[in-house]
Structures are given as structure tokens and as C-alpha cells.
2 protein chains.
Amino acid sequence: MTTSGDGPLVAVVMAGGAGTRFWPLSRRARPKQLLPLTGGRSLLRLAVDRVMPLVSPDRVLVVTGAEVAAAVRAELPEVPAGNVLVEPCGRDTAACVGWAAWRIAAASPDAVVLVLPADQVIPDGAALRRALAAAAATARGRGGLVTLALRPTRAETGFGYQELGEVVGREEGLEVRRVLRFVEKPTRERAEAMLAAGTFRWNSGMFAWTVGAIRSEVRRLLPALAGGLDRLCAMSDDSDDFLGAWRSLPAISVDFGVMERAADVSSVLVDFAWSDVGSWPGLEEVLPAVAGGVRLGDVVTLDSSSNVLVSDGPLVAAVGVRDLVVVATRDAVLVVPRDQAQRVKELVELLRAAGRDDLL
Amino acid sequence: MTTSGDGPLVAVVMAGGAGTRFWPLSRRARPKQLLPLTGGRSLLRLAVDRVMPLVSPDRVLVVTGAEVAAAVRAELPEVPAGNVLVEPCGRDTAACVGWAAWRIAAASPDAVVLVLPADQVIPDGAALRRALAAAAATARGRGGLVTLALRPTRAETGFGYQELGEVVGREEGLEVRRVLRFVEKPTRERAEAMLAAGTFRWNSGMFAWTVGAIRSEVRRLLPALAGGLDRLCAMSDDSDDFLGAWRSLPAISVDFGVMERAADVSSVLVDFAWSDVGSWPGLEEVLPAVAGGVRLGDVVTLDSSSNVLVSDGPLVAAVGVRDLVVVATRDAVLVVPRDQAQRVKELVELLRAAGRDDLL
């Protein structure tokens with residue numbers, strides 16, 4: 001058995017998020033990654049389309065949750081159904097990427113893996129592919145764990161940062177630097193200082209590594225997870241044993257559990273436009289501006305500006321309003337000031353407590 | 001032929017309004033009077049229920065438009081279908097009450113007529129009936145044209161006023177006074193002066209008169225209308241001639257065309273709670289207050305106050321909003337600050353111009 005990374009390129013698409021921040025458009029059975037938030041196809045469909053020129057459909061693995069697995073398979077008809085790995089419940093991203101690595105290792109122990117979130121927006125697919133090719137080449141040639149490092153455009157306090165050190169390579173014309181350390185969601189002051197320093201970048205949540213490298217680091221840093229994954233790989237996915245073993249996996253993010261403590265992490269520096277569309281106002285990063293805001297679907301306005309107006313069916317008619325988020329679906333309508341859009345999560349909790357499961 | 005007013009009491013319910021101010025709940029086929037704006041039955045149904053103890057269903061006449069006639073008949077199954085008079089197009093209220101009077105005169109020339117708008121809210125039906133009985137008794141005994149005069153509760157600039165003179169009678173314990181003059185929608189200063197004077201009251205749009213009295217005044221003051229009504233009464237309602245003759249009627253309100261110029265007008269002074277629910281914020285006059293605003297239908301809120309939140313189906317979820325009107329139906333959602341609620345009319349015009357007839 002070789003783990004050299006001379007083998008095939010495999011893309012692992014992480015499509016497990018619930019995305020309650022996009023209620024009422026997002027529901028349990030239709031989370032954020034299944035929504036057409038840029039106006040056309042779903043974020044998942046776009047994510048797979050972006051990577052497809054690098055990786056054939058049978059080498060795309062999608063990790064998702066039980067409630068959305070059927071919808072994910074329907075959205076990606078060209079991906080073999082068996083390539084959609086179903087997590088019985090969420091165990092955070094270390095378990096997600098670990099499980100994918102363990103599964104890939106069984107068939108292709110020398111594979112190189114690209115890990116891609118399903119719910120990001122990257123308009124320039126060619127630029128992404130170039131960066132992923134550079135990351136894969138780095139993972140193959142140099143080894144270690146590789147990430148894409150995004151150029152920060154604002155002092156964002158909701159993202160993780162990384163400090164970059166010396167140049168360790170150049171692939172596809174892109175610089176590769178050693179990652180000195182990671183900084184989790186910072187304070188406003190800290191974020192501004194990092195932005196000013198120029199040596200910090202945003203984590204992208206995108207990774208490249210050989211199956212051998214990630215398995216070795218998971219085994220070293222998270223032995224309980226590695227042991228659990230060993231046991232899971234000996235079981236059938238739909239057995240009761242599998243469910244129990246999955247539930248017993250430690251729930252920790254790949255950032256905290258692996259990346260921050262890994263022996264050797266390098267980053268490909270990328271400059272392409274990127275958004276994680278973290279909330280309704282985040283649509284402004286990915287849709288064309290209309291009257292200082294954005295509009296998606298059937299919307300009409302009179303004397304209104306700086307609003308996020310979204311319809312999934314009913315006409316949204318706004319008169320004389322400013323700085324408001326309005327989202328209308330067939331069975332629910334949300335109205336919230338844009339600077340309180342993150343409170344949608346509270347609202348979803350309220351509906352859950354009130355037994356309004358039909359709307360979740 | 002007698003026109004003495006010794007005959008039966010007949011109620012004429014004016015149900016012809018379009019009510020675009022209640023879009024998106026109101027539509028061409030479902031105008032304001034057909035909406036359950038107080039939470040239960042439609043305003044029309046409530047208007048007929050209020051008067052029914054005074055007048056049997058076969059003595060209720062409803063005047064309405066062609067687009068809503070079927071819905072009106074369905075809403076009032078106990079009213080004979082032939083009692084629903086259908087205006088081919090709106091010709092304002094003088095034509096409406098005139099046509100009813102001419103039609104009633106053919107069968108009951110000595111009838112006393114109560115004229116009642118279909119779209120007002122009057123919670124105390126007994127108080128209204130007492131006032132209507134007093135008005136009918138005044139019309140029978142004293143003659144002339146009789147109205148109900150509402151106690152003004154604010155310096156409203158959207159209503160018509162009347163100045164009251166000497167007491168000319170007392171019926172059912174209610175004072176009846178001569179009307180000295182009418183004042184149409186006043187300026188703010190004028191409205192405040194009238195409120196302070198204490199001798200002015202609001203027009204109610206409710207009238208009582210004998211068929212003989214109203215016909216005589218219409219013939220004297222609006223001879224073109226009277227001539228047109230003479231011709232209409234000789235025709236079948238569904239003939240082409242009828243349509244043409246109706247269209248040629250002068251369009252003028254009963255207030256401008258008749259009341260302001262009539263020889264003898266008296267008013268029954270009433271104090272009951274009353275609202276014409278002229279706009280979405282007007283719902284606050286007729287619904288219980290919730291968090292400084294009103295709510296109708298499926299509504300949930302977080303940290304929101306002083307809003308008018310109305311659902312005709314979809315859940316309306318409001319987070320952190322103030323002084324806003326939100327109205328959601330299956331196919332359209334309106335969002336407008338409460339102090340701009342009258343701009344709904346502009347919006348309806350915009351939709352009409354855009355060919356969105358499906359939403360009107």
C-alpha cells in the first residue's frame with residue numbers, strides 16, 4: 001500500500017450545514033447549500049460545477065446530512081449515488097473530512113484530496129481551479145496540509161485568520177507560503193491590526209492534502225477520532241452499529257482539531273472574489289447592486305433603497321423602506337432590519353419552541 | 001300612488017368600493033368590504049348582520065359592482081339574488097342611492113330607506129340600530145333628508161364635517177338637530193377649530209329618508225341623474241341599452257350632489273364607536289392593541305412594536321422592526337412604513353401599468 005500522493009485527484013464537497021441564517025428560504029430539507037442564492041443554480045451545484053473540470057464526477061465525494069441526502073443526489077445526478085456519504089448526525093468538520101479520507105484510502109490510498117465547502121460563492125471558477133491545482137501540486141510535491149489563503153478585504157470579525165511566513169514554493173504562478181499560526185474569530189481591534197499588518201489572510205475552509213498526510217495527522221492529533229473512523233470503515237453505512245459508532249465520534253472542527261496543531265501547513269495565496277454568504281445582507285457580496293441593495297426574485301419597489309429583497313414566489317412590494325431585509329416564500333415571510341439579520345437564528349429557535357416544525 | 005313614508009323599512013347597503021388601499025389583501029374580485037378586517041366575518045357580512053334585526057333579508061338591497069356581485073351574493077345567501085343591484089361601472093354615490101330609491105319606488109313608493117356603507121366597522125350593533133330607528137322615525141315624521149352625525153374624536157382631515165344647529169326632535173332617546181352646513185375634508189387648522197367649537201360632527205355616510213323625499217331632491221338638484229334613472233327603470237338590467245344609459249349618468253357623490261344643497265337636512269347625534277378603516281393603520285381603531293400595534297392572522301415577532309402585521313396565509317415573522325405595515329398573502333407581500341401606508345394606491349397603479357393584473 002502506497003500513500004505517496006501519486007494517485008488520482010478526488011474532490012470532497014462538504015455539504016452538511018443547516019444554514020438557519022437563511023430562513024425562511026432555508027429549511028431542514030433545503031439548507032443554504034441547496035438554495036440558488038446567486039439567482040440561478042444552487043450553491044452546491046455551482047460548487048461542483050466549478051471543480052468538475054479538474055475532477056471527473058465519479059471522483060467527487062459529497063458529505064451531507066440524512067435529511068438532505070436525497071435532495072443532494074437529485075441536484076447532482078452525474079455523481080454516483082454511492083459517492084454521497086451521509087452523516088447520521090453532525091459531528092463537525094474534523095469527522096467530516098476524516099471520514100472522507102478514510103473512505104478514499106480504502107480504494108485509493110495514494111489519492112490527493114481537495115476539500116471544498118458547498119456553500120461558498122466564487123464567481124471566477126477558472127481562478128479557483130488554478131488555485132486548487134496549485135494546492136494539489138503542493139500537497140503532492142511538498143507534502144503536509146495545504147490550504148487556500150484569501151486576501152482579506154475588510155476587518156471581518158466573523159472569520160478565522162492565518163499568519164503567513166516564508167515562501168515555500170510557487171505553483172501555477174501562485175505563491176505558496178508557510179502558515180505560522182491561525183487566529184480564530186478576532187475582536188474588531190485585532191482584525192484591524194491584522195488587516196494593517198499585511199501578513200494575515202482569511203481562512204477559506206478549502207484544503208488539499210494526500211490521503212496519507214491527513215490520516216497521519218488525524219491519527220496523531222485526534223486518536224479517538226481516528227479509532228472511531230477505523231471502526232466505521234469496517235461497518236456498513238446503514239447498520240445500527242454504524243449509527244452508534246458515528247455518534248461516539250468527537251465533534252471538533254478541522255480548524256481547531258487538526259490545522260492549528262498540524263506539523264506542517266502551507267497556503268496557496270489567492271486573490272479571487274469569494275463570499276461565504278453568511279447572512280441575508282451577505283447577498284450583497286454576490287449579487288449585482290440595485291438601489292444600494294440587492295433583489296432576488298419577483299420584487300417591485302417605490303422610493304426604497306439599501307434593502308435586501310428576496311422572493312421565492314410571492315411578489316415582494318416595498319414602499320418607502322430603507323435598510324431592511326424582506327424574504328418571502330409561499331408559507332413564510334421574514335422582515336428584519338439588515339443590521340439585525342443574524343437574529344434570524346433566534347427566530348428559528350422561537351418557531352422550534354412553538355412547535356412550528358412545518359416552517360423549519 | 002303614495003309617497004308618505006308609512007310603508008316598509010328598506011336597507012340599502014352600498015358595497016361598490018374598490019378599496020385598493022388594502023392591497024394586497026384587497027383585489028378587484030375581493031375589495032375591502034369583502035375582507036374580514038376585524039378578524040372574523042367580512043365587513044359586508046357584519047354590516048348586514050348589524051341591520052338585520054331591523055329589516056328582514058328580503059328588504060335588504062345591496063348595490064355593488066359587476067366584478068364582485070357573485071361574491072356578494074355568496075356572502076349574503078339569505079338576501080334574494082335579485083336584491084343585489086349590479087352597477088355596470090362606478091358612477092359615484094348619488095347614482096348608487098338614486099338607483100336604489102328609483103327601484104324601491106317601483107314596488108314600495110311609501111318605503112323608508114336606510115343607506116349604509118358596507119365597509120365601516122361599528123362594534124355596537126344595538127347602538128347603531130337604535131340610531132337608525134331614530135333616523136327612520138325622523139324621516140317618517142319630520143321628513144327631509146336625515147343623516148347620522150358622529151362625535152369627532154380627533155382633528156381628522158380625511159373626513160367630511162357638518163355643523164349642527166337647533167334641536168328639531170328627539171327619537172329613541174337621541175337628539176336630532178338641524179344641519180346648518182357641510183364642510184368637506186378640511187385643513188388641519190380648520191379641523192382643529194371645528195373640534196374645539198363643539199358644534200361640528202363627522203359625516204357618517206349613513207342616511208335615512210323616504211323614497212319620496214330623496215327622489216324629489218334628486219329630481220330638483222340633479223335633474224340629469226333623475227332623468228337617467230327614469231330611463232334605467234324602464235329597462236332590463238342586463239340589456240345593452242341599460243349599460244349605455246348607466247354610463248351616461250352623471251358621476252357625483254351624494255354628499256356634493258344632494259346633501260350639501262338639500263332644503264332640509266337633520267342629523268341624529270350618535271356617540272358609538274365607529275371606524276371607516278381607511279387604510280392599514282386604521283385597523284388599530286378596530287382590533288385589540290398588541291405591542292403598540294395590531295396583528296391579524298399568523299404572526300410571530302421578536303422585539304418589534306407599533307407595527308401593523310397582517311397575514312392571509314403565510315407566517316409573518318418580524319424581528320426588530322417598528323412602525324411598519326407588513327401584509328402577506330399567498331402571492332404578494334407589502335412592506336411600507338405606517339406613515340406612508342396611503343402610498344399603497346401608487347403601488348397598485350404601478351402594478352397596473354406593469355401589466356401585473358394577476359395581482360390586482
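Is Q33(A) buried or exposed? At 2% relative accessibility, Q33(A) counts as buried. The legends below describe this residue and other sites in a predicted model.

**View 1. Surroundings of Q33(A) in chain A.** Q33(A) belongs to the loop that runs between β1 (9–15) and α1 (43–51) of chain A. A polar atom of the Q33(A) side chain lies 2.8 Å from the backbone oxygen of A15(A). With neighbours within four places in sequence set aside, the residues in contact with Q33(A) include A15(A), G16(A) and G17(A), together with S42(A), L43(A) and L44(A). A118(A) and D119(A) are also in contact with Q33(A).

**View 2. The interface of chain B and chain A.** Contacts involve 33 residues of chain B and 33 residues of chain A. The two chains bury about 2500 Å² between them, with 67% of this area on carbon and sulfur atoms. Across the interface there are 14 residue pairs in polar contact, both residues at pLDDT 80 or more. The elements of chain B that each supply at least two residues to the side touching chain A are β11 (299–302), β13 (315–319), β14 (324–328), β15 (332–337) and α10 (344–353). Of these, β15(B) gives the most, with 6 residues. By class, this side of chain B has 23 nonpolar, 3 polar and 7 charged residues.

**View 3. Strand pairing and a salt bridge between the chains.** Strand β13 (residues 315–319) of chain A pairs with β15(B) in the parallel sense over 4 bridges. Within β15(B), A332(B) stands opposite L315(A). The count of salt bridges between chain B and chain A is 4. One of them joins D298(B) to R356(A), with the closest N and O atoms 2.6 Å apart.

**View 4. Salt bridge of D237(A) and R103(A).** The closest N and O atoms of this pair are 2.9 Å apart. D237(A) is partly exposed at 34% relative accessible area, and R103(A) is partly exposed at 28%.

**View 5. Salt bridge of D230(B) and R219(B).** The side chains meet at 2.9 Å, N to O. D230(B) lies in helix α7 (residues 223–233) of chain B and R219(B) in helix α6 (residues 211–221) of chain B, so the pair ties together parts that are 11 residues apart in sequence. Relative accessible area is 32% for D230(B), which is partly exposed; R219(B), at 39%, also counts as partly exposed.

Key
Residues numbered from 1 in each chain as written. Chains lettered and ligands numbered in written order. Predicted model: local features only at pLDDT ≥ 70, side-chain atom pairs only at ≥ 80, totals over all residues. Heavy atoms only, no water. Contact = heavy atoms within 4.5 Å. Buried area = accessible area lost by both parts, 1.4 Å probe. Polar contact = N/O pair within 3.5 Å; in protein donor to acceptor, adjacent residues only side chain to side chain. Nonpolar A, V, L, I, M, F, W, Y, C, P; charged D, E, K, R; others polar. Pairing = 2+ DSSP bridges. Buried < 20%, exposed > 50% of the residue type's maximum accessible area, 1.4 Å probe, protein only.
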